[in-house]
Amino acid sequence: MAVGAAVAGAAAASAAGVGLAVAAAGAAVVAGPVAVVRRGLVMIQRLCRHLFSPSVRRAFPPATLQAITEAIAAGEQRHGGQVMFAVEADLPLHALWHKVTPRQAAEHAFARLRTWDTAHNNGVLIYLLLADHAIEIVADRGLQGRVAPEQWQRVCTHLREGLRGSQPVAALRDAIDEVSSLVEGHFPASARSDQDGLPDTPQILG
């Protein structure tokens, strides 16, 4: 009797296990297409954002560009690094097709703008990609290991929050000041080189 009950119990457990496995497999089959559709929708949404991205000229009128230029120039009086600011409305279709991330776009801009071309390898690029509402900071190798990624990310967070507020120009100035302070902590003004001549004016890409 006990053996029969045990066998029956084992058979029931086995059947239940098979049922669960079949159910899990079925869920995986359903989840596969759903995930594909979801990824497709995300890609379409991003494509639309980039096709209908806001105008850089409208978002950054001459007065704002001048305020950024002055903030960078003032900051560089305090440290021996180089700070650049770049803004891009959107990415080209081939970049979207290859799923280029805002971070990758920022690193490409860093190289393209030659932000790395400084005597102490301490250039910093503040990069905005309007279509993705993205803010990235790329720092050259002279600052790696000295300024933690979390510190750069904190500047990005402050700037993102500030741009949503009523004083976006003040938020831009504050972000540049934060970056300047981080650079100053490791490269004071005494480290400034006459060879460093990267532009203070914001670079409009695209």
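This is a predicted model: local features need pLDDT of at least 70, side-chain atom pairs count only at pLDDT 80 or more; totals for chains, interfaces and linings use all residues.
**Entry 1**

I looked up the strands first. Four of them form an open sheet, in the order E3-E2-E1-E4, and the pairing is mixed. Strand E3 (134-139) and strand E4 (203-205) are at the edges; each has a single partner strand, so one side of each has no neighbour in the sheet.

Next I checked how E1 and E2 are joined. Strand E1 (residues 82-88) and strand E2 (residues 123-129) run parallel, with seven bridges between them.

Which strands does helix H7 touch? I found that H7 (residues 168-184) packs on the sheet and touches E1, E2 and E3. The direction of H7 makes about 155 degrees with that of E2. Helix H5 (residues 102-112) lies across E2, E3 and E4, and runs at about 45 degrees to E3.

I then checked the length of H7. Its 17 residues, at 1.5 Å a residue, should span 24 Å, and the end C-alpha atoms are 24 Å apart, which agrees.

I listed the buried residues of H7: Ala171, Leu172, Ala175, Ile176, Val179, Ser180, Leu182 and Val183. An α-helix has 3.6 residues a turn, so residues three or four places apart point the same way. The cover over the buried residues of H7 includes H3, E1, E2, E3 and helix H6 (149-163).

**Entry 1: salt bridges**

I counted eight salt bridges. Side chains of opposite charge can pair when their charged atoms come close.

Arginine 49 pairs with aspartate 132, with the closest N and O atoms 2.9 Å apart. This pair links distant parts of the chain, since arginine 49 is in helix H1 (residues 2-51) and aspartate 132 is in the loop between E2 and E3, 83 residues apart. Are the two partners buried or exposed? Arginine 49 counts as partly exposed because its relative accessibility is 34%, whereas aspartate 132 is buried at 14%, under the 20% limit.

Glutamate 184 and arginine 78 meet at 3.2 Å, N to O. They also link distant parts of the chain: glutamate 184 is in helix H7 and arginine 78 is in the loop between helix H3 (62-76) and E1, 106 residues apart. Both are partly exposed, glutamate 184 at 32% and arginine 78 at 26%.

Arginine 141 and aspartate 140 form a salt bridge with the closest N and O atoms 3.9 Å apart. Arginine 141 is exposed at 54%, while aspartate 140 is buried at 6%. I also noted a network: salt bridges that share partners join Arg46, Arg49 and Asp132.

**Entry 2: nonpolar cores**

How many residues does the largest nonpolar core have? I found 32, and those with the most contacts inside it are Phe60, Phe85, Ile126, Trp152 and Val179. H3, E1, E2, E3, H6 and H7 each supply at least two residues of this core. H7 gives the largest share, seven residues.

I looked around tryptophan 152. Leaving out residues up to four places away in sequence, tryptophan 152 touches Val124, Ile137, Ala139, Leu143, Val147, Val179, Leu182 and Val183. A second, separate core has 17 residues, among them Ala86, Leu96, Ala134 and Leu198.

Notes. Residues are numbered from 1 along each chain as its sequence is written. Side-chain values use heavy atoms; hydrogens and water are left out. Two strands pair if DSSP finds at least two bridges between them. Helices (H or I, at least four residues) and strands (E, at least two) are DSSP runs, numbered from the N terminus. Contact means heavy atoms within 4.5 Å. Axes are lines fitted to C-alpha atoms, for helices over the stretch in contact, and angles run from 0 to 180 degrees between N-to-C directions. A salt bridge is a side-chain nitrogen of Lys or Arg within 4 Å of a carboxyl oxygen of Asp or Glu. Buried means under 20% relative accessible area, exposed over 50%, partly exposed in between (1.4 Å probe, protein chains only). The expected span of a helix is 1.5 Å times one less than its number of residues. A nonpolar core is a set of buried Ala, Val, Leu, Ile, Met, Phe, Trp, Tyr and Cys residues joined through side-chain atoms within 4.5 Å.
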